[in-house]
Amino acid sequence: MIAGAALMGFASGVRAQEEASGSAATEDVDPQDALAGGLSVEEARRLLAEPLPDAPDARYALLQRQWPAARRIEDRARQIEIARALMTLGRGRPDGEGWIRLYLITEYTWGSSGAALAACEPLLADRQLSPAVRAGVALRQTYFLANGSQDRNVMLRAWSRADALAAEALKQQPALPLTIDRLQVRSEVERLTGDGAAAVATLRQAVARSRELVRSDREQRVTAETMRQWQGWLDGSQGMLVYALVAQGRTREAADIAQDNLALWRSGQLEEGPGARWHYRAATALNASQQHEEALAAARQSEAMLAKANASAASQTRWLARQEIVRALLGLKRWVEADQAYRQFLDELGGDGVARSRAQDNRLSALLAAKAGRLDEALETAERTLRYRTRIYGQDHPQTRESAGVRAVVRLLRGDTGGAISDYEQLFAATLDRSDGWVDLDARGFRGFVLGLAFDEFLAHVARRAIAGETLPPAMVDRALQIADRRKLGSTQRALADSTARMLAATPQLRGWLDEEQTLRKAASGQYSQVATLIADEDKLRKELSGEAFKALPKEQRKPREDALKALRQQLQAQQGVAATAREALAVHRQKLAAAYPAYADLITPATPGAAALERPPARGRGPAGRARAR
């Protein structure tokens, strides 16, 4: 019976970020979080202590009974072990395929993100699996890729395949669970491709369909266990919506959803697993609204609940809880604690490459090391990141200049004021002098804290010198005033500007301009992703050719690999040119858009006026300074 329920519908995945970020950040939800049956804790422990029979049928039967027992005592490691065994033993059995998707979600949510992703492709290659199961696996794969830092083009190709498989499966047999799953993963793709408003709209559809699913089960008078399972879909859809709303600056609505579900947990209507998740979801909304003390308390309670349940340190749930702990400590400027928490977080990820790629942020590592006094380590990290981005993007790209800003902070804290100011000018060129550059530095994941800290350190430096009675260079004062004005554009105001821009886009011609801008932005991003891939290939091959084993080979055996390296470098050089051309096309289009629709350009990406303009009384309805003041 459990296997059959597992096939019909599993609770789904939810994010978020940066990006963070907006994060966006999301999570997978244990599909049978409330399917403990009527077992008591003691009965569950006795059942789990029973030895597994050798006979496959008997083994399979006992494992199915042990699954809800492991869920009952919230032994997440045992759940993963049981789900993996059931996935293997269930092949060829009635409803046995259902354990495949259940294993993927359980592994990703509570165990190893990397192991879950690695399991997807072999399953997708198995044509003996039903269309619905293969579609579910493809959707999970897309979700896993969307929540890591893998090449975005790889994720988009995975989504194209998953969407096609889901469409075909739904054509053969319409099903609400697969429909909801498809909507949730589609929202992740929309988020990652920069369409946050579409992601919110898609998730509202997912919530509505989830409620429809719950209502249909009530009408059919299904068992309490199945009802709880369908409620898991609603929980997942609402969880994803929280992150999407935060990314759009609608923190009040996100917080209300989280608090409503925490109230259900406090009243005993939700168990510990969902309760732990709603604590870190609430922390996300609280951090976004600058309520860092409250966010820290909620995130720490979530982390304690997850640790008690044996959730792996590399799991999605632990990452989301710990991410909010670090964010709260950053917001409270408790640098040493934030540094310790973040380093421990990374140290405990072990060899899980997917989890590490999702959590590692070298900019944040450099800044925290600097604030904690490890200045040599901070400088080495900052310079390595700057070199890497320069190779990919070139010196003038906003993200390269952002890395220069990170090094500026480190240099400032080391006492290298001249070097720091030189680096800061590169950051200011991307964030203060060019409105289009700011768009490319959208505050996702930890980025909002990174840029905020860089600006804070500059302003603190200026203030210290002013208090000491030093004569400040006019350019430095100008920059300080510009920063103060630019920082009025918080995430909420940017979200409001984005919403207003979409209203303006009701004008068909402007909508066409914006659609082309988004297409060009995606194209440039894709070209730079290819540059990054080629750089990684070149580094790997170069290291191989510099090794003693290769050098010891006869010349005729070395030459093909040497020629391959030469060809790869030529390809890299050509690709960098293609990427630069794509970037230039985007810049040209943005300039044309600003010229054609100056009111729109001033609203969505205003230029930051200099000190002289800021000191003048705003001209009513005229000039960027007046518009900045009005905001």
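Student: What makes phenylalanine 345 count as buried?

Tutor: Buried means under 20% relative accessible area, exposed over 50%, and partly exposed in between, with a 1.4 Å probe and protein chains only. Phenylalanine 345 has 0% relative accessibility, so it counts as buried. Tyrosine 342, with a relative accessible area of 2%, is buried by that rule. This is a predicted model, in which local features need pLDDT of at least 70 and side-chain atom pairs count only at pLDDT 80 or more, while totals for chains, interfaces and linings use all residues. Residues are numbered from 1 along each chain as its sequence is written, and side-chain values use heavy atoms, with hydrogens and water left out.

Student: Why is the pair of tyrosine 342 and phenylalanine 345 called edge-to-face?

Tutor: Rings of Phe, Tyr and Trp (its six-membered ring) pair if their centres lie within 6.5 Å; planes under 30 degrees apart count as stacked, over 60 as edge-to-face and the rest as tilted. By this rule there are nine aromatic pairs. For tyrosine 342 and phenylalanine 345 the centres are 6.2 Å apart and the planes stand at 75 degrees, so the pair is edge-to-face. The two residues are three apart in helix α16 (residues 335–347), which means a separation of about one helical turn.

Student: What makes phenylalanine 428 and phenylalanine 458 an edge-to-face pair?

Tutor: Their rings are 5.0 Å centre to centre with 80 degrees between the planes, and the pair is edge-to-face. It links distant parts of the chain, with phenylalanine 428 in helix α21 (residues 417–431) and phenylalanine 458 in helix α23 (residues 447–467), 30 residues apart. Phenylalanine 428 is at 1% relative accessibility, so it counts as buried, and phenylalanine 458, at 2%, also counts as buried.

Student: Why is α3 called roughly antiparallel to α4?

Tutor: Helix α3 (residues 56–72) and helix α4 (residues 76–89) pack at an angle of about 150 degrees, with their axes 9 Å apart. Axes are lines fitted to C-alpha atoms, for helices over the stretch in contact, and angles run from 0 to 180 degrees between N-to-C directions. Angles under 35 degrees count as roughly parallel, over 145 as roughly antiparallel, 65 to 115 as roughly perpendicular and the rest as oblique. The angle therefore makes α3 roughly antiparallel to α4.

Technical notes. Helix = DSSP H or I, 4+ residues; strand = E, 2+ residues; numbered from the N terminus.
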